[in-house]
Structures are given as C-alpha cells and as structure tokens.
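Hi everyone, thanks for coming. Let me put the structure up on the screen, and then we can walk through a few parts of it together.

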Amino acid sequence: MLGKKRFLILIGLALVLVLAIAGCGGNTSNNSPTASSTSTPASVKTEPVKVVSLVDQVKNTQHYKFFAIQVAGKEKDANYDYEDTCIKCHSQVAILNDKNAKIADFFKGGKYENQTEGITCIVCHKFEGKDMISLRNKGWDSCGVCHTADKPVLKLGGEVHHPQLEMMKGVPIEGGTPMPTFKYSNMKDTFSCVDCHITNSQKHDFMVPGVKATYVPSGIARTGTTLDYDQFATVFKQEKCVSCHADPKPTVDKLKAHQEEIGKKLEELRPIFDEWGKKVETMDKNDPKVKAYNNGKTYFWYVDADASKGAHNYTLAKDCLQKAEAEFAKLK
Ligand code: HEC
Ligand code: HEC
Ligand code: HEC
Ligand code: HEC
Ligand code: HEC
C-alpha cells in the first residue's frame, strides 16, 4: 500500500470534511438510491455509518491528545523525569519548526506555553502541491522514526522505551543474537507497520483492527489492551496478504496462542520487576543480585514496552522473557 500509493488525493479528505461540517452524522451507505435498491434487502438493518472528519479522527487519538495532556501549559510534574529530547517525538513544534526547543519552553512561562499540539497531519504527511499529500517518511520509517528505542545498542542493565521498530527488526539486547522477523527480513521494502496497523476513511489511530485499549484516568498511559481475533482477521483481506495468507485462520490461531503465552509470562514476572525495582535502590550496587535484577529488567522491559505481547516478534519476545526469568531466579 505504501510507496505505490505514495500520493494521496486530498479531495477525499475534503469530501469527508464537508460531510462532517454539514452535520451528516447519519447513514452514508444507504443515502444513495442505487445502494439501497441493489444491495440491501429491506429487512436487513445496517448500522448507520457516522462520518468522522479526519481532523476529528486524529484529534481523538493518543497521537494528538498525549502532548496536550502531558504539558498543556501546566507546571512540570516534579515526579516526572522530563528531558529536552522527549519533545522530538511528542510535539509538532519541536519536530518541525524548532529543533532546539527545550521542554521548559512548553510549560508555564516558556515561549511555547500555549503550544500544546501533539502529532498532527504535517508531522506524518507532506503537502505536495494542490490536492496531493504524501508520507514524510517511507516504509517502516513512517512510524519507526518515533516508535524506536532510538539507541544503536540496547544495553544490558538499561531501560527500553517504545522499541517497536527494534522488535520487528529483531535487534537483540547487547550480546544476543539478531532474530529478524519474516516480515522485516524478507519483505523489508514491500511491507511496513501500516500493513497491520491499517488506516481507512474512518480510522486514523493506527491501532490494529479489533483492539480495545484502556488508559489511566489522566489519559497519559495505556493500562492494557484486549484483541478481538475475528476482527483482527480482517487485515488479511488486503490484496497483498492473500498470496501467503489465503486462509488467515492458522495465522490468527498462532498469533492468539503466542499472545496468550507472552502475556501470561509478562504478568508472572511483573511482580518481581516491580518489587525488586524498589529493593535494589537501597542495596549495595556491587551485590550480584543488583546486577541480576538490572539484567533481567532490561529483557523484561523490552518485551513489555513493545506492547504487542509477542505479535511483533514472538521468537525474540520468548527468548528475552526466558532470559529475564533466568536472571530473576538469581534473586531468590
Ligand atoms: C501518525 C501519522 C499520521 C498522522 C498524524 C496523520 N496521518 Fe494521514 N496517513 C498516515 C498513513 C501512514 C496513511 C496511510 C498511507 C498508505 O497506506 O499509503 C495515511 C493516510 C491518509 C489519507 C488517505 C486515506 C485513505 O483512506 O486512503 C489521507 C487523506 C490522510 N492520511 C490525511 C491526513 C490528515 C488530513 C491528517 C490530520 C488531520 C492526517 N492524515 C494525520 C499517517 C498519518
Ligand atoms: C512523530 C512521532 C510518531 C510517529 C511518526 C508515529 N507515532 Fe505512534 N505514537 C507516538 C507517540 C508519542 C505515542 C504515544 C501517545 C500516548 O501513548 O499517549 C504514540 C502512540 C501510538 C499507538 C498507541 C495509541 C494508544 O491509543 O495507546 C499506536 C498503536 C501507534 N502510535 C502506532 C503508530 C503507527 C502505526 C505509526 C505509523 C503510521 C505511528 N504510530 C507513527 C509517536 C509517533
Ligand atoms: C504483523 C503485523 C504487525 C506489524 C507489521 C506491526 N504490528 Fe504493531 N501490533 C500488531 C498486533 C497484533 C499488536 C497487538 C494488539 C493488542 O493485542 O493489543 C500490535 C501492537 C502494537 C502497539 C501497542 C498498542 C496496541 O494496540 O496494543 C504499538 C504501539 C504498535 N503495535 C506499533 C507498531 C509499529 C510502530 C510497527 C512497525 C515498526 C508495528 N507495530 C508493526 C501487529 C503488527
Ligand atoms: C524516539 C521517540 C520518543 C522519545 C525521544 C520520547 N518518546 Fe515518549 N513515546 C514515544 C512513543 C512512540 C510512545 C508510544 C509507545 C506505545 O504506545 O507503545 C511514547 C509514549 C510515552 C508515554 C506513554 C507511556 C504509556 O505507558 O502509555 C509517556 C508518558 C512518554 N512517552 C513520555 C516521554 C518522556 C517523558 C520522554 C523524555 C524522557 C519521552 N517520552 C521521549 C516516543 C518517544
Ligand atoms: C510472502 C509471504 C507473506 C505475505 C505476502 C504476508 N505474510 Fe504475514 N506471514 C508470513 C509468514 C511466513 C509468517 C510466519 C512467519 C513468522 O512466524 O515470523 C507470517 C505471519 C504473519 C502474522 C503472525 C505473526 C505471529 O505472531 O506469528 C501476521 C499477523 C501477519 N503475517 C500479517 C500479514 C498481513 C496483514 C499481510 C498483508 C498485509 C501479510 N502478513 C502478508 C508470510 C507472508
């Protein structure tokens, strides 16, 4: 889909916006006389399709809301470890207009105090003249510029944040063996995140079909997700999947089993990760248990922060959790 469909026609967008502005909250598929007379028998009720403008779609996503929630001209949260680097993935202004912006600029008293826009259209798209937009970054990079651990080496003992790109690539924790996924090693130039995290005229949040997510009350962090596998199976209807996944069932069943296994192991190890995280703070840093914890922590964190419960790379996720478990066993 990407690459080939490089130019996206804005007319579609304009239409959606016009419909939304006109207050057309109703039925799109049945409004056309031909559609109702040819395809839908009178006895079958179809759900009315609510047309949501692209702008509203995006404004409702975490991509947009997050930055506003986090800063929004408020005081800095003293418990929060902000760095100036944070904004290079979180703020439109810092990404596009002012690479030297400092995080303090966005809080009370700063020059961007009132600038709370998160990731908007132009962070991902470029306007290429009249009615044409394209993606600013291609392929895996269209998401991977931000969904990356952003480090050349994933250091044993360190923290790991949003490593979705590394997980797909199969980048090991320092000292391990690379474990690239089939998708990344064999389809590097023909596949990318958005082939599973699909978008369409009703959805610009890039969650895979079938995901339900929950968030902490402030909205600043996701607490969990569930996946409806039947709904997820609809991704395989795309033309570019059928040659290998004519019947999606075995793949979806495998995915379900993988996610159950990885999800269960994460929850089994989480109490140790949390509890010992506090304990080691007061321990002698030469204590071998501190080293064991820190090593285990990195392996656990990698899989946890990827947040796909093994969907991005089951082999690597499993390997990391085995290693985390082995390190944590030394704490007993
Ligand atoms: C997080 C990145 C991101 C943001 C933010 C974003 N888009 Fe997109 N958009 C994409 C990607 C990726 C695609 C899919 C491209 C493809 O499949 O070739 C897409 C597709 C589209 C399409 C084509 C939709 C279709 O059904 O084919 C339009 C039009 C569009 N975006 C407009 C917008 C507008 C307007 C905004 C802001 C209100 C916006 N986008 C925000 C990444 C983004
Ligand atoms: C400019 C940086 C940037 C780009 C580009 C980007 N993202 Fe994100 N993405 C973020 C940030 C920051 C968040 C965190 C928002 C939050 O958790 O509140 C996020 C969150 C998400 C989430 C979780 C949303 C939720 O509700 O929990 C998904 C899924 C996601 N991105 C997928 C994608 C995909 C797929 C692409 C490529 C089309 C993409 N992102 C491009 C920065 C980016
Ligand atoms: C082979 C399909 C596939 C590809 C390719 C893929 N993902 Fe995912 N992704 C998933 C599935 C399945 C989940 C798990 C959904 C769940 O159970 O919550 C997921 C989860 C996520 C999440 C956590 C939010 C959520 O919905 O659970 C983020 C963020 C994310 N993916 C981003 C990315 C990015 C960025 C890329 C590209 C570097 C990528 N994904 C590539 C299928 C894929
Ligand atoms: C390389 C790009 C990048 C940088 C730099 C970055 N973030 Fe993020 N951040 C992301 C992405 C991508 C996500 C979404 C990950 C996901 O949903 O799995 C995210 C998510 C978050 C979340 C939500 C976490 C959750 O549990 O849902 C918080 C809070 C956050 N970032 C704060 C920060 C802070 C504070 C900094 C600076 C110390 C920072 N970020 C630096 C890309 C980045
Ligand atoms: C060239 C063949 C090929 C094409 C085309 C292809 N896949 Fe796959 N896919 C595979 C193979 C092989 C596996 C199992 C490989 C593995 O376990 O890493 C797989 C596995 C998957 C998985 C399961 C990951 C897991 O947890 O085991 C998902 C999801 C997936 N593919 C989605 C898609 C989607 C969506 C498309 C179309 C946009 C697609 N694939 C196109 C070959 C392909």
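Let's start with a pair of strands. Strand E4, residues 211-215, and strand E5, residues 222-227, pair in the antiparallel sense, with five bridges between them. Please keep in mind that what you see is a predicted model.

If you'd like one contact to find on your screen, look for Thr214, whose bridge partner in E5 is Gly224. How many residues lie between E4 and E5 in their hairpin? There are six, and in the turn Gly219 has a positive phi of about 90°.

Now on to another hairpin. Strand E2, residues 125-127, runs antiparallel to E3, and three bridges join them. Here Phe127 stands opposite Ile133 in E3. Four residues sit between these strands, and Gly129 takes a positive phi near 90°.

Next, let's look at charge on the surface. Which residues gather in a patch of positive charge? They are Lys99, Lys126, Arg136 and Lys138. To place Lys138, follow strand E3 (132-135) towards helix H8 (141-144): Lys138 is in the loop between them. Lys138 counts as exposed because its relative accessibility is 57%, and the cut-off for that word is over 50%.

There is a negative surface patch as well, formed by Asp81, Glu83, Asp84 and Glu159. Asp84 belongs to the loop between helix H4 (62-70) and helix H5 (87-90). Is Asp84 exposed or only partly exposed? With a relative accessibility of 35%, Asp84 counts as partly exposed.

Note on methods:
Residues are numbered from 1 along each chain as its sequence is written. Chains are lettered from A and ligands numbered from 1 in the order in which they are written. This is a predicted model: local features need pLDDT of at least 70, side-chain atom pairs count only at pLDDT 80 or more; totals for chains, interfaces and linings use all residues. Side-chain values use heavy atoms; hydrogens and water are left out. Patches are made of residues with over 30% relative accessible area and no salt bridge: like charges are joined within 9 Å, nonpolar side chains (Val, Leu, Ile, Met, Phe, Trp, Tyr) within 5 Å. Accessible areas come from the Shrake-Rupley method with a 1.4 Å probe; for residues, only the protein chains shown count as cover. A salt bridge is a side-chain nitrogen of Lys or Arg within 4 Å of a carboxyl oxygen of Asp or Glu. Lys and Arg count as positive and Asp and Glu as negative; His and the chain ends are not counted. The place of a charge is taken as NZ of Lys, CZ of Arg, CG of Asp or CD of Glu. Helices (H or I, at least four residues) and strands (E, at least two) are DSSP runs, numbered from the N terminus. Buried means under 20% relative accessible area, exposed over 50%, partly exposed in between (1.4 Å probe, protein chains only). Two strands pair if DSSP finds at least two bridges between them.
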